[in-house]
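Keep the structure open as you read.

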Amino acid sequence: MKKIFTGISCLIFIILWTSCEDKTSGCLDPYAENYDVTADNACDGCCEFPTVELKLSLRFDTLAFSADSLYSVGQDTNFRFRSMKFLFSGFHFIAQDSVVQIVDSLCDESRCWRSDFTYVDIHDLDKTLGHVRYSGLIDRVTLSAGIPETLYPLLETFSAMDAELATARDSMGIEGEESLALMAFDLYRDSVFVNTYRLIDATDTLVIGGTYVNDITKGQGWKVELEFDLAGLLNGIEFSTMTEEEVEVAMLANFLKVWSLR
């Protein structure tokens, strides 16, 4: 009887000792970079998700673009293009049966907006778009140049929360209007400033898209390479004979034809 009692006591002790062991907390989301399969409990906000990177390449026809170089446009020569900048948003990574988007968001008192606003200028062509939760095959990418018109009333609020949007608002805003250009650059003839051109689509954003094949591993991010051809944008333009409005209309007509994805 004594042996039975002793055995039961030992069993109770082992159960109590095991249940009192320190439980470990960690990230239990398998899509996270720091996924911890050994953790007992889910941590509070410790998961770190992979990011999507954007690399923008600029060229002039077959030449790598440089702000210090001189280029011929139509019958005119000796033009320089400086302070070139772009604003992107609305990134969609498309799989066969799903659409993947950046998971970061901005929220005010009434609504939330996906925070993938990306301001790119000639001095900073490599950007981080945001965080993602995905694994599997992606075969197409679409993105918007500019921001949706429905966002304009929220620009002031969201610019205070998002550094990319704040920078774009400061450098690509239109004086007297609560709107943002989708692209802007300064034109010089030799070293003499001529004009600043800002492209705005009066109806909405312009959607850029193309084939992009990438098999994503769970817990890993990826990079999108986007190439822009300035020569194609300026096709048919004569700066010496066309008005500023005519130049901007012609560039908008060319805009969607000059992008490629890699």
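## Strand S16 and its partners

Val-52 has Trp-222 in S16 as its bridge partner. That contact belongs to the pairing of S3 with S16, two strands that run parallel and are joined by eight bridges. Strands here are DSSP runs of E with at least two residues, helices are runs of H or I with at least four residues, and both are numbered from the N terminus. Two strands count as paired if DSSP finds at least two bridges between them.

S16 covers residues 222-229, and six of its eight residues are buried. Buried means under 20% relative accessible area, exposed means over 50%, and partly exposed is in between, using a 1.4 Å probe and protein chains only. S16 also pairs with strand S17 (residues 259-261), this time antiparallel, through three bridges. Within that pairing, Glu-227 has Ser-260 of S17 as its bridge partner.

## About the model

This is a predicted model, in which local features need pLDDT of at least 70 and side-chain atom pairs count only at pLDDT 80 or more, while totals for chains, interfaces and linings use all residues. Residues are numbered from 1 along each chain as its sequence is written, and side-chain values use heavy atoms, with hydrogens and water left out.

How many salt bridges does the count come to? The count is nine, taking a salt bridge as a side-chain nitrogen of Lys or Arg within 4 Å of a carboxyl oxygen of Asp or Glu. One of them joins the side chains of Arg-59 and Asp-229, whose closest N and O atoms are 3.5 Å apart. This pair links distant parts of the chain, with Arg-59 in strand S3 and Asp-229 in strand S16, 170 residues apart. Arg-59 is partly exposed at a relative accessible area of 25%, whereas Asp-229 is buried at 11%.

Glu-227 is buried at 18% relative accessibility, and Arg-262 is partly exposed at 44%. Together with Glu-225, the residues Arg-59, Glu-227, Asp-229 and Arg-262 are linked in a network of salt bridges.

Another salt bridge brings Asp-126 and Lys-55 together (3.7 Å, N to O). Asp-126 belongs to strand S11 (residues 126-131) and Lys-55 to strand S3, so this pair ties together parts that are 71 residues apart in sequence. Both side chains belong to partly exposed residues: Asp-126 has 44% relative accessibility, and Lys-55 has 29%.

Is S13 enclosed or open? Six of the seven residues of S13 (residues 183-189) are buried, so this strand is largely enclosed by the rest of the structure. S13 pairs with S6 in the antiparallel sense over six bridges, and Phe-79 has Arg-189 of S13 as its bridge partner.

S13 also runs antiparallel to strand S14 (residues 192-199), joined by seven bridges. In this pairing, Tyr-188 has Phe-193 of S14 as its bridge partner. S13 and S14 form a hairpin with two residues between them, and Asp-190 in the turn has a positive phi of about 55°.

## Positive phi elsewhere

Which residue in the loop between S3 (51-60) and S4 (63-64) is worth a look? Asp-61 lies in that loop, and its phi is near 60°, a positive value in a residue other than glycine. Asp-61 is partly exposed, at 46% relative accessible area.

Ser-83 also has a positive phi, near 55°, and is a residue other than glycine. Ser-83 is placed in strand S6 (residues 76-94) and is partly exposed, at 34%.

## A nonpolar surface patch

Leu-28, Tyr-35 and Val-37 form a nonpolar patch on the surface, with about 290 Å² of accessible area together. Patches are made of residues with over 30% relative accessible area and no salt bridge, with like charges joined within 9 Å and nonpolar side chains (Val, Leu, Ile, Met, Phe, Trp, Tyr) within 5 Å. Accessible areas come from the Shrake-Rupley method with a 1.4 Å probe, and for residues only the protein chains shown count as cover. Val-37 is found in the loop between strand S1 (25-26) and strand S2 (41-42), and counts as exposed at 66% relative accessibility.
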